[in-house]
Amino acid sequence: MQKKDDPRIIHAWCMYDWANSAYMLVISSTLFPVYYNSVTRSAFNGDIVDFLGWRVSNTVLYSYSLAFAFLLAALLSPLLAGIADYGRFRKPMMRFFTLLGSLACIGLFFFEGDNIVWGILCNILACFGYTGSLVFYNAYLPEIASRNRLDSVSARGFAYGYMGGVVLLVINLIMVQQPQWFGIINQSSAVRLSLASVGIWWIVFAQYTFWYLETARKESDIYTNILTRGYDKLRSVWKQLQHLKSTQYYLVAFFFYSMGVQTVMLLAATFGEKEIKMSADKLIITVLIIQLIAIPGGYLFAWLAKSVSNRLSINIMLGLWLVVCMGAYVVQEETGFYLLAALVGLIMGGIQSVSRSTYTKLIPKDTADNTSFFSFYDVVEKVSIIGGTFTFGLVEQITQSMRNSALALGVFFILGLLVMTLVHVPRHRVLLRRIAS
């Protein structure tokens, strides 16, 4: 069991965010979606592609592939987490998902449009590897940081992630814009190399994390019937949750507001392209704005959570997310969209880091079941992504306007605010004690 608040261990843990966040920024948010649309449209002479005999729109297929990956992770992660908590499996499983995701990213180098089955398979495995590894990564947080440092350490992890993603994205953009500087033949090859670089970046920097993080303590040296043991662990954690009312309420609140948060994060660029008519280069600038402002945003709201309360910090951010939804409904020009992007970045960094640290404070202290507890958190987040993106698309289909979809997301933030009133989070009134003294 690693010593808590060890600077070396905390730095190593944060470096995994640096390693894997490039996947979300480069592959999920920027380069791969644009490349995928372009090469499939070229290979199939239009937006309709042939996938295993099924003729479907390329963008619909892409959305379905992501939904399937998130669903797969949601279904399997609780079982895997239960197994990990029963023995010395947490770090090996984190290694496995890291290897799976990074190799899948490297595999995208060979995707050229006509081999669409390969491209979709690699995309699914990359997403599954990313989401699967986070269950075990997040579970280390309560083991490496004391309770009064959870907010700041969680924010530091996300800050590392934002910085790492931006660094690689900038390198990739230079490669794509100036391929001759790197001895690359053409722009298409530069994009494929950029996608592969995500996998290399991920697996190389993750080794630093694996070198320092210790394997979770084990309860038993018996490794027989490991699947049964995994289910037993899940049942045990489920029973514990029945007696943790604030934890239950928080998971419900987190589900509601994550439907809004995750949908805004995933579809902000699409909204800008369709409703504001922004070009690809300006959308990438928007993504960079969001990532860079998210760093101080994470620290700001972590400070507020530690100084006053986690609930107040989250509630303020949910109120600002409502402003984002209403702003998206009325914004017409690029300047307004950039301002909204800046606000999204500020509260995106905060909501991600404070949500994770808040949940850590709401699970039993020094429990041996950290991974299993975090698997429930992970499942809630993944299901919220499926629900939020589906709702967004459904409202757009019915009303023929993404603005109405953005406004509809405000309902989820209101529901999150209402349920948060039932949550009691242990407070660390550091600032107030200092003032009093």
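Trainee: So, a pocket is an open set of grid points with protein on both sides within 12 Å along at least five of seven lines, and its lining residues have an atom within 4 Å of a point. With that settled, which residues line the second largest pocket here?

Mentor: This is a predicted model, so keep that in mind throughout. The lining of the second largest pocket is made up of W238, L241, Q242, Q248, L251, V252, F376 and V380.

Trainee: Nice. What volume does that pocket have?

Mentor: The second largest pocket comes to about 170 Å³.

Trainee: And which helices supply at least two residues each to its lining?

Mentor: Helix 8 (226-242), helix 9 (245-275) and helix 13 (370-399) each do that.

Trainee: OK, helix packing next. At what angle do helix 1 and helix 7 pack?

Mentor: Helix 1 (residues 7-43) and helix 7 (residues 187-212) meet at about 165°, and their axes are 8 Å apart.

Trainee: Roughly parallel or roughly antiparallel, then?

Mentor: Angles over 145 degrees count as roughly antiparallel, so helix 1 and helix 7 are roughly antiparallel to each other. Their crossing is left-handed. The contact of helix 1 with helix 7 contains 24 nonpolar, 5 polar and 2 charged residues.

Trainee: What about helix 1 and helix 6, how do their axes cross?

Mentor: The axes of helix 1 and helix 6 (residues 150-177) come within 6 Å and cross at roughly 45°. That angle makes helix 1 oblique to helix 6.

Trainee: Left-handed or right-handed for that one?

Mentor: The crossing of helix 1 and helix 6 is right-handed. By class, their contact has 18 nonpolar, 8 polar and 2 charged residues.

Trainee: And helix 3 with helix 4, at what angle do they pack?

Mentor: Helix 3 (residues 90-107) and helix 4 (residues 116-138) pack at about 155°, with axes 7 Å apart. Helix 3 and helix 4 are therefore roughly antiparallel to each other, and their crossing is left-handed.

Trainee: One last thing, S77. Where is it placed?

Mentor: S77 is in helix 2 (residues 58-86).

Trainee: Does S77 count as buried or exposed?

Mentor: S77 is buried, because its relative accessibility is 5% and the cut-off for buried is under 20%.

Trainee: How far apart are S77 and V135 in sequence and in space?

Mentor: S77 and V135 are separated by 58 residues in sequence, while their C-alpha atoms are 7.1 Å apart in space.

Definitions and conventions: Residues numbered from 1 in each chain as written. Predicted model: local features only at pLDDT ≥ 70, side-chain atom pairs only at ≥ 80, totals over all residues. Heavy atoms only, no water. 1 Å grid on protein atoms, 1.4 Å probe; cavity = no way out; pocket = protein on both sides within 12 Å on 5 of 7 lines; lining within 4 Å. Points joined across faces, edges and corners; volume = space filled by probe spheres on them. Helix = DSSP H or I, 4+ residues; strand = E, 2+ residues; numbered from the N terminus. Axes fitted to C-alpha atoms, helices over the stretch in contact; angles between N-to-C directions. Parallel < 35°, antiparallel > 145°, perpendicular 65-115°, else oblique. Left-handed = near helix turned anticlockwise from the far one by under 90°. Nonpolar A, V, L, I, M, F, W, Y, C, P; charged D, E, K, R; others polar. Buried < 20%, exposed > 50% of the residue type's maximum accessible area, 1.4 Å probe, protein only.
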